Amino acid sequence: MSSTIKNELHYGLRSLIRENAFARSFVKRLRQNERLAPDAVRQQGRHALHRTLQAAIARLPAYRHIDARFSPAEAETVLRESFPVIDKVTLLGRPAEFYPREGRKLPWQAVGKTSGTTGTPLQILRSMESVLMENAFIRRHWEWSGYDDSSTRATLRGDMVVALDRRTPPFWFWNRYDRQLLLSSRHLTDDCVDPIIDRIEQARPAILQAYPSTAHTLSMYLARRGRSLKIPFIYTASEPLYPHQRELIVERLGARIMDMYGMAERVAFATECEHGEMHINSDYSHVEILDEHDRPTDGPGFIVGTTYHNLAMPLVRYRLSDRTRWKPGQCRCGRPFPMIEHVTGKYEDAITSADGSIISPSVLTFAFKGVENIRKSQVAQVAAGTWQIRVVPGPRFSDADKNRLVDNVHQLVDAHIAVEVVLKDDLPNTAAGKFRWVVNETRQAG
Ligand SMILES: [Zn+2]
């Protein structure tokens with residue numbers, strides 16, 4: 001089947017699912033929430049939290065011992081006093097306790113997969129409602145820029161839009177169901193970028209959805225060519241957005257950046273408003289910021305979230321490896337959602353492709369597509385044009401998995417990079433207790 005026909009089917013169906021009456025009613029409800037007073041949002045949150053905790057106690061063996069007789073007004077206290085903070089290691093190590101039905105999916109549920117920052121694959125069961133809600137939250141954020149059904153959107157993320165080895169345009173697909181121009185980020189190379197720039201210019205999108213690294217790479221090519229684009233809003237997500245990226249993106253794409261913070265576990269969602277502030281969407285989940293001892297802090301701490309919408313697998317007090325802090329005060333935008341400092345990662349860890357351009361960590365996750373039996377992994381740049389994929393293998397890890405990793409890299413990430421898979425007994429964390437999934441050892445040595 002040609003990739004165009006495949007794309008037509010895929011995006012046509014997806015549009016049907018996303019644009020149904022339920023999805024529309026969710027967006028409408030969310031629109032109303034942002035006009036509520038902060039107290040009303042908190043009140044609503046207690047009811048949502050109560051519903052989640054009741055579901056968790058009823059469905060997950062880990063919480064079966066907790067007394068379910070409490071009211072919505074008591075939900076936050078019960079959460080703090082009876083529910084331990086858990087993380088990815090807890091889920092991987094004790095699946096029988098934290099997954100419903102020991103992780104067996106029901107036919108109407110979806111599965112979310114992440115390799116996240118530790119590189120260890122994790123599966124999350126999702127209810128249909130939570131899948132639709134996720135889209136509704138994203139849609140609400142788009143509307144902060146004035147986006148509506150008649151707007152055109154361009155997308156420059158990890159989608160496989162055309163074959164990697166394609167050398168002549170188009171390097172994009174026009175998804176007419178959504179007025180969406182899907183661009184192939186794998187073709188942001190010296191040979192292929194000019195037609196991509198021209199196509200964006202012609203489409204005049206109201207918003208561009210991108211990874212910080214793909215928007216930044218596009219901006220670097222524009223800078224080298226002395227060109228720029230005029231896209232009103234850039235929606236970045238899925239990776240930390242570094243200040244040097246923000247600066248060049250604003251300069252070359254002529255845009256206001258609306259960064260979005262989320263994760264596959266979907267326990268926290270923060271969105272940047274038109275005044276540059278990151279707002280925790282407090283109708284999405286219950287968010288705490290906790291220090292190393294799991295105590296609430298106004299200083300820097302870990303983001304710990306409890307789902308409101310995915311009762312298929314209620315994640316409660318799930319700690320992420322991302323750190324931030326609360327920002328006091330009220331934003332000029334008037335929305336009732338609290339502010340946090342921007343969540344950022346480490347620029348020094350960025351690694352580069354065979355031709356020297358930066359590869360986004362989100363694209364690197366494609367190397368692990370379909371590869372099971374991995375306990376932990378790390379992708380390291382060990383020399384120019386050379387990567388090492390370090391793997392702590394599970395008991396059933398085989399040569400086939402090893403070959404698949406290498407094939408994935410060459411088919412889905414970079415056809416020309418030299419890559420070696422190295423098996424390890426362990427991959428230790430840094431002194432600060434963090435794990436760098438992507439690490440550039442040439443940069444650090446130099
Ligand atoms: Zn704001």
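## Rings and strands in a predicted model

In this predicted model, ring pairs join Y63, F83 and F98 into a cluster.

Me: Is the pair of F137 and F269 edge-to-face or stacked?
Reply: A pair of aromatic rings is described by the distance of the centres and the angle of the planes. For F137 and F269, the centres are 6.1 Å apart and the planes make an angle of 70°. Planes over 60 degrees apart count as edge-to-face. The pair of F137 and F269 is therefore edge-to-face.

Me: How many residues apart are F137 and F269?
Reply: F137 belongs to helix α7 (residues 128-143), while F269 is in the loop between β8 (256-261) and β9 (270-272). Both F137 and F269 are buried. Their pair links distant parts of the chain, and the separation is 132 residues.

Me: What is the angle between the planes of W142 and Y147?
Reply: W142 and Y147 are both buried. They form an edge-to-face pair with 5.1 Å from centre to centre. The angle between their planes is 65°.

Me: Which ring does the charged end of R335 sit over?
Reply: Charges meet rings here too. R186 lies over the face of F366, at 4.8 Å from the ring centre. The charged end of R335 sits 3.8 Å from the centre of another residue's ring, that of W144.

Me: Which strands stand at the edges of the open sheet of three strands?
Reply: The strand order is β11-β12-β13, with antiparallel pairing. β11 (285-290) and β13 (318-324) each have a single partner strand, so one side of each lacks a neighbour in the sheet. From one strand to the next, the twist averages 30°. The edge strands are β11 and β13.

Me: Which residue in β13 is the bridge partner of G301?
Reply: Strand β12 covers residues 301-307 and pairs with β13 in the antiparallel sense over four bridges. The partner of G301 in β13 is T324.

Me: Why does T297 count as buried?
Reply: T297 is in the loop between β11 and β12, and its contacts include I289, L290, D291 and W326. The T297 side chain also reaches the backbone nitrogen of G299 at 2.8 Å. Buried means under 20% relative accessible area. T297 counts as buried because its relative accessibility is 18%.

Note on methods. Residues are numbered from 1 along each chain as its sequence is written. This is a predicted model: local features need pLDDT of at least 70, side-chain atom pairs count only at pLDDT 80 or more; totals for chains, interfaces and linings use all residues. Side-chain values use heavy atoms; hydrogens and water are left out. Two strands pair if DSSP finds at least two bridges between them. Helices (H or I, at least four residues) and strands (E, at least two) are DSSP runs, numbered from the N terminus. Axes are lines fitted to C-alpha atoms, for helices over the stretch in contact, and angles run from 0 to 180 degrees between N-to-C directions. Buried means under 20% relative accessible area, exposed over 50%, partly exposed in between (1.4 Å probe, protein chains only). A polar contact is a pair of N or O atoms within 3.5 Å; within protein, one must be able to donate a hydrogen and the other to accept it, and residues adjacent in sequence count only if both atoms are side-chain atoms. Contact means heavy atoms within 4.5 Å. Rings of Phe, Tyr and Trp (its six-membered ring) pair if their centres lie within 6.5 Å; planes under 30 degrees apart count as stacked, over 60 as edge-to-face and the rest as tilted. A charge sits over a ring if NZ of Lys or CZ of Arg is within 6 Å of the ring centre and within 35 degrees of the ring normal. Lists of a residue's contacts leave out its neighbours within four places in sequence.
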